[in-house]
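Dear colleague,

Please find below the structure that I am handing over to you. A summary of the findings follows it.

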Amino acid sequence: GRAAATGDYLLLLNDDTTPADKFFIRNNGQIPDAAKDPDGWKITVEGEVDKTLELTLGQLKQRFPAQTHRMVLECGGNGRAFFTPPGRGNQWTNGGIGCAEWTGVKLADVLHAAGLQDSAKFTGSWGTDPHLSGDPAKRAISRGNVLAKSLEPHTMIVWAMNGQPLPNINGGP
């Protein structure tokens with residue numbers, strides 16, 4: 001059958017909503033320690049904005065309207081083992097994809113609250129994950145977006161996956 005030919009792991013993708021314990025994990029840095037107080041975790045918006053905005057997760061939940069959407073998330077390296085020429089990194093065949101219910105706020109709402117300037121063209125996102133080398137002087141990878149993508153209504157800062165707090169291994173809190 002198909003599962004035997006392509007790997008039993010594809011059966012993990014059979015659910016309409018992928019459970020967190022079956023969701024793929026891909027990190028470009030080391031896993032940070034879990035937040036002791038998730039609602040106290042802070043996000044800072046700075047750069048091409050009128051004012052630097054620092055908000056705790058608790059403030060994000062209170063200040064901006066929450067939304068939940070069931071959406072697919074796929075790793076950009078999904079299928080990398082099939083690339084010609086070969087790509088660097090984890091040589092995935094298939095499986096770096098899942099569909100979860102994500103709860104959070106629109107990134108656009110947060111950017112507009114900081115006073116997004118016309119000169120802004122891209123976002124940059126840095127977390128607390130240590131660099132893969134463990135060197136504290138090196139930053140872990142940043143994955144930003146072109147501004148148009150950041151302003152789409154389904155681009156979110158999320159804190160929940162399938163109605164539960166976002167697991168640390170998946171980027172929580």
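**Findings**

I25 is placed in the loop between α1 (2-6) and β1 (42-45). Please note that this is a predicted model. With a relative accessibility of 44%, I25 counts as partly exposed. Together with I31 and I169, I25 makes a nonpolar surface patch of about 230 Å².

**Aromatic residues**

Searching the whole structure gives two aromatic pairs. One of them joins F23 and F24: the ring centres are 5.2 Å apart and the planes meet at 25°, so this pair is stacked, the limit for stacking being under 30 degrees. F23 is buried because its relative accessible area is 6%, below the 20% limit. F24, with a relative accessible area of 13%, is likewise buried.

The rings of F23 and W102 also pair, with centres 5.5 Å apart and planes at 90°, so their arrangement is edge-to-face. This pair links distant parts of the chain, since F23 belongs to the loop between α1 and β1 while W102 belongs to strand β4 (residues 97-106), 79 residues apart. Both F23 and W102 are buried. Through these ring pairs, F23, F24 and W102 are linked into a cluster.

A further contact with an aromatic ring involves a charge. The charged end of R139 sits over the ring of W126, at 4.4 Å from the ring centre.

**Nonpolar core**

The largest nonpolar core has 19 residues, and L60 and V110 have the most contacts inside it. At least two residues of this core are supplied by each of β1, β2 (53-56), α2 (57-63), α3 (107-113) and β5 (156-161). Of these elements, α3 gives the largest share of the core, with four residues.

**Salt bridges**

Side chains of opposite charge can pair when their charged atoms come close. How many salt bridges does the structure contain? The count comes to three.

One of these salt bridges is formed by the side chains of D39 and K61, at 2.8 Å from N to O. D39 lies in the loop between α1 and β1 and K61 in helix α2, so the pair ties together parts that are 22 residues apart in sequence. D39 is partly exposed, with a relative accessible area of 37%, and K61 is partly exposed as well, at 35%.

In another salt bridge, the side chains of K42 and E54 meet at 3.6 Å from N to O. Because K42 lies in strand β1 and E54 in strand β2, this pair ties together parts that are 12 residues apart in sequence. E54 counts as partly exposed, at 48% relative accessibility.

There is also a salt bridge between E152 and K149, whose closest N and O atoms are 3.2 Å apart. E152 has a relative accessibility of 36% and therefore counts as partly exposed. K149 counts as partly exposed too, at 38% relative accessibility.

With kind regards

Conventions. Residues are numbered from 1 along each chain as its sequence is written. This is a predicted model: local features need pLDDT of at least 70, side-chain atom pairs count only at pLDDT 80 or more; totals for chains, interfaces and linings use all residues. Side-chain values use heavy atoms; hydrogens and water are left out. Patches are made of residues with over 30% relative accessible area and no salt bridge: like charges are joined within 9 Å, nonpolar side chains (Val, Leu, Ile, Met, Phe, Trp, Tyr) within 5 Å. Accessible areas come from the Shrake-Rupley method with a 1.4 Å probe; for residues, only the protein chains shown count as cover. A salt bridge is a side-chain nitrogen of Lys or Arg within 4 Å of a carboxyl oxygen of Asp or Glu. Buried means under 20% relative accessible area, exposed over 50%, partly exposed in between (1.4 Å probe, protein chains only). Rings of Phe, Tyr and Trp (its six-membered ring) pair if their centres lie within 6.5 Å; planes under 30 degrees apart count as stacked, over 60 as edge-to-face and the rest as tilted. A charge sits over a ring if NZ of Lys or CZ of Arg is within 6 Å of the ring centre and within 35 degrees of the ring normal. A nonpolar core is a set of buried Ala, Val, Leu, Ile, Met, Phe, Trp, Tyr and Cys residues joined through side-chain atoms within 4.5 Å.
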